[in-house]
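Subject: Handover of a structure, with findings

Dear colleague,

Please find the structure below, followed by an account of what was found in it.

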Amino acid sequence: MPQPFKKLSQLKSTREFRDYLREIGADFDLADEPQSGVESAFARPYEYVGKITGARRVFQNRWALLPMEGWDCEPNGAPSELARRRWLRNAESGAAIFFGCEAVAVMSSAKANAHQMTLTRETVGAIGALRAETVARARELFGADGVPYIGLQLTHSGRFVKTPDDKRLDSHTAYEHPLLDKKFHCDASNVLTDAEVEEIVAHFIDAGRLAREAGFDFVDVKCAHGYLGHEFLTAYDRPGKYGGSFENRTRFFREIVEGIKSSAPDLDIGVRLSLGDFIPFEKSASGIGKPMDWDFSCQGEYRYAFNGDGTGLGYDPEMKELMQFIGLLDELGISMIGSTFGSPYYNPHTQRPAAFAVADGYLPPEDPLLGVARQLRIVRELKKRRPDLFVIGSGYTYLQEYLPLVGEWVLSTAGADAIGLGRSILSYPQMAADYMSGRELDKRRICRTFGDCTNAPRAGLVSGCYPLDEFYRGREEAQTLKEIKQLQKSK
């Protein structure tokens, strides 16, 4: 059992925070005090050139919003008033890049929940109108230079597709996985045929064309978090043209990108990429997460974690296959990466470090700051190898009020090109704008990783921050969520 760790609320100063990092062996640092104006690393402009289109764009700051999956759209995938509220609040962030903006399914059978946004001919008009309204709001608040470079994440949820009634998984898998099939009750019948894969590729390409029609600057083709694009990267055991060799395992991604480039040549493309992965975890008798059983003596090294080191609990220090994938991105003209690690479904402590367990999850098996350190470290190592890439860091939410100070250190030491904000936006979308303006952060609104932005959707409720956003705290779903959590605790 891991040793108890200190909560961030116990660390009252940057000195105490730094001392604690050294105590636990977390290899990152932070600025001693907030920086403002031109003194801030966040204020340094970045001239980005889209290699596919040749278009140049100057990012006026180093803040980025990361794509999140909404659970509040209309049944056909069009944005609802709740989704509109989220997007317009995003515009209040002042971030220069909306990387992916939202995780958008490319077809109705690709949705991770019945109310996920979906980009089709039926919904493109409404999504385009919302994009325009979001851009107008940002321009109103921050002027012409404050209009973000705005993209849309295209995704197929693969193993985590849900049935239209949201009652159960309707998994579409890349291959038979020895542990994930057991964890999520899948078998050979869930594996997509080559013909089905080709159909999905066509939907991605159509979605790229529609995204351009809707006015987006770029699309993010998701290869992260155990979703379909990510799962294909470890399809060693899949026969045929989409499995086995590196060329075959990346064919799904390559065909999507090449198809979008052909059908929408003036659209830039980025990729949300899990730079590493771990073995799936499960809740132990103590409630703390533990790796699922893997018999190394009989089954050999664990090779189903992309960029893994074979143990299931680390990443390859030489990053061989990751760098091979980066080489493929070069060939395709992609130079913008939204980094992440692991999966929220089977090892969430690696992907979104938190002190609290979600209702159907486990307590962290390590100090969450070590999870933050892991993500910061691998992004820094990637930047050392490829300083020409534009890489957005993630995994920062757990840092809370120390987030901007760590971001200052990361940016000023070439550890990333931008700092990505994810779930923290739900409670405090103005954090970046407040920091850049020299205003004191509103500590009452800073995300504390309680997990209700996950608990609510997994219980079939709309997405939002129930503990800290008065709008959601006052909705009837807030009481329903409390009752569901109490019931789960009693089990």
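In which loop does Met319 lie? Met319 is placed in the loop between α9 (296-299) and α10 (320-332). Helices here are DSSP runs of H or I with at least four residues, strands are runs of E with at least two, and both are numbered from the N terminus.

Before the other findings, two remarks on the source are needed. This is a predicted model, in which local features need pLDDT of at least 70 and side-chain atom pairs count only at pLDDT 80 or more, while totals for chains, interfaces and linings use all residues. Residues are numbered from 1 along each chain as its sequence is written, and side-chain values use heavy atoms, with hydrogens and water left out.

Backbone angles

Most residues other than glycine have a negative phi. Met319, however, has a phi near 55°, a positive value in a residue other than glycine. Met319 counts as buried because its relative accessibility is 0%; buried means under 20% relative accessible area, exposed over 50% and partly exposed in between, with a 1.4 Å probe and protein chains only. Gln400 also has a positive phi, of about 55°, although it is not a glycine. Gln400 sits in the loop between β12 (390-393) and α13 (403-412), and it is buried, with a relative accessible area of 7%.

Aromatic pairs

Rings of Phe, Tyr and Trp (its six-membered ring) pair if their centres lie within 6.5 Å; planes under 30 degrees apart count as stacked, over 60 as edge-to-face and the rest as tilted. By this rule there are 34 aromatic pairs. One of them joins Tyr48 and Phe59, whose ring centres are 5.5 Å apart and whose planes meet at 15°, so this pair is stacked. Tyr48 belongs to strand β1 (residues 46-49) and Phe59 to strand β2 (residues 56-59), so the pair ties together parts that are eleven residues apart in sequence. Tyr48 and Phe59 are both buried.

Phe278 and Phe341 also pair: their ring centres are 5.5 Å apart and their planes are at 85°, so the pair is edge-to-face. Phe278 lies in the loop between β8 (268-274) and β9 (281-283), and Phe341 in the loop between β11 (336-340) and α11 (348-351), so the pair ties together parts that are 63 residues apart in sequence. Phe278 is buried at a relative accessible area of 4%, and Phe341 counts as buried at 0% relative accessibility.

Ring pairs also link Tyr46, Tyr48, Phe59, Phe99, Tyr149, Phe218 and Phe390 into a cluster.

Asp277 is in the loop between β8 and β9. At 2% relative accessibility, Asp277 counts as buried. Leaving out residues up to four places away in sequence, Asp277 touches residues including His230, Phe306, Phe341 and Tyr346; contact means heavy atoms within 4.5 Å. Asp277 and Gln351 are 74 residues apart along the chain, and their C-alpha atoms are separated by 8.8 Å.

Nonpolar cores

A nonpolar core is a set of buried Ala, Val, Leu, Ile, Met, Phe, Trp, Tyr and Cys residues joined through side-chain atoms within 4.5 Å. The largest nonpolar core has 120 residues, of which Phe17, Phe28, Leu119, Phe252, Phe253, Leu273 and Phe325 touch the most other members. Helix α5 (residues 194-213) gives the most to this core, with eight residues. Another core, of 14 residues, lies apart from it, and among its members are Tyr46, Tyr48, Ala96 and Met336.

Phe28 is in contact with residues including Phe17, Leu369, Leu399 and Trp409, leaving aside its neighbours within four places in sequence.

Helix α10

Ile326 lies in helix α10 and counts as buried at 0% relative accessibility. Not counting residues up to four places away in sequence, Ile326 touches Ile337, Leu382, Arg386 and Leu389. Ile326 and Arg423 are 97 residues apart in sequence and 27 Å apart in space, C-alpha to C-alpha.

Yours sincerely
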